[in-house]
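This briefing sets out the fold and selected residues of one protein chain. Please consult the sequence and the structure shown here alongside the text.

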Amino acid sequence: HSSGDGTVLGKWCDWHRGAAPSRPVRVIERGPGAGGILYACRACRLRHRLTTITTWAAQAALIAHLGGTDTTKPCAPCNRHQRCDEGAQLWAAFRREQKADKA
């Protein structure tokens, strides 16, 4: 069962090795568990300064918007401290994820 912020209730926390409401923090990239996901509860995220996958994704989307990509130019309004609609939504999503990491 999952809440709206990506927290999975009763999930195994891979840091303290116990069941607790947890959020996804790492993708296993190599070895026998490749493709799997590691989860951490709130206490372990704070103690070990872990950032969730969804927060990294929200931050990456915001940075791509601000700095541009190979196919898009940087957002001029956002880079002049006047957020465009898309930039405002991306900032809000990033802040929501940061808040959920600490909740």
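The overall architecture comes before the individual residues.

The model is predicted: local features need pLDDT of at least 70, side-chain atom pairs count only at pLDDT 80 or more, and totals for chains, interfaces and linings use all residues. Residues are numbered from 1 along each chain as its sequence is written, and side-chain values use heavy atoms, with hydrogens and water left out.

**Overall fold and dimensions**

- Four helices and four strands make up the secondary structure of the protein chain; helices (H or I, at least four residues) and strands (E, at least two) are DSSP runs, numbered from the N terminus.
- Their order along the sequence is β-β-β-β-α-α-α-α.
- The protein chain is more spread out than a compact globule, because its radius of gyration is 16 Å, well over the 13 Å that the globule rule gives for 103 residues. The radius is taken over C-alpha atoms, and the rule is 2.2 Å times the number of residues to the power 0.38.
- The C-alpha trace spans about 45 × 30 × 25 Å along its principal axes.

**Burial, contacts, surface and charge**

- Of the 103 residues, 27% count as buried, where buried means under 20% relative accessible area, exposed over 50%, and partly exposed in between (1.4 Å probe, protein chains only).
- Contacts (heavy atoms within 4.5 Å) between residues at least 6 apart in sequence join residues at least 24 apart in 43% of cases.

**A buried serine in the strand region**

- Ser-22 lies in strand E3 (residues 22-27) and counts as buried because its relative accessibility is 0%.
- A polar atom of the Ser-22 side chain lies 2.8 Å from the backbone oxygen of Ala-20, and the side chain of Ser-22 also reaches the backbone nitrogen of Cys-41 at 3.5 Å.

**Buried residues in the helices**

- Phe-94, in helix H4 (residues 85-102), has 8% relative accessibility and therefore counts as buried.
- Not counting residues up to four places away in sequence, Phe-94 touches Thr-55, Ala-58, Gln-59 and Leu-62.
- His-65 belongs to helix H2 (residues 53-67) and is likewise buried, at 11% relative accessibility.
- Beyond its neighbours within four places in sequence, His-65 is in contact with Pro-74, Cys-75, Cys-78, Cys-84, Glu-86, Gly-87 and Leu-90.

**Loop residues with positive phi**

- Arg-17 occupies the loop between strand E1 (12-13) and strand E2 (18-19); although not a glycine, Arg-17 has a positive phi of about 60 degrees.
- With a relative accessible area of 61%, Arg-17 is exposed.
- His-81 is found in the loop between helix H3 (76-79) and H4, and this non-glycine residue has a positive phi of about 65 degrees.
- His-81 is exposed, with a relative accessible area of 77%.

Notes
Polar contact = N/O pair within 3.5 Å; in protein donor to acceptor, adjacent residues only side chain to side chain.
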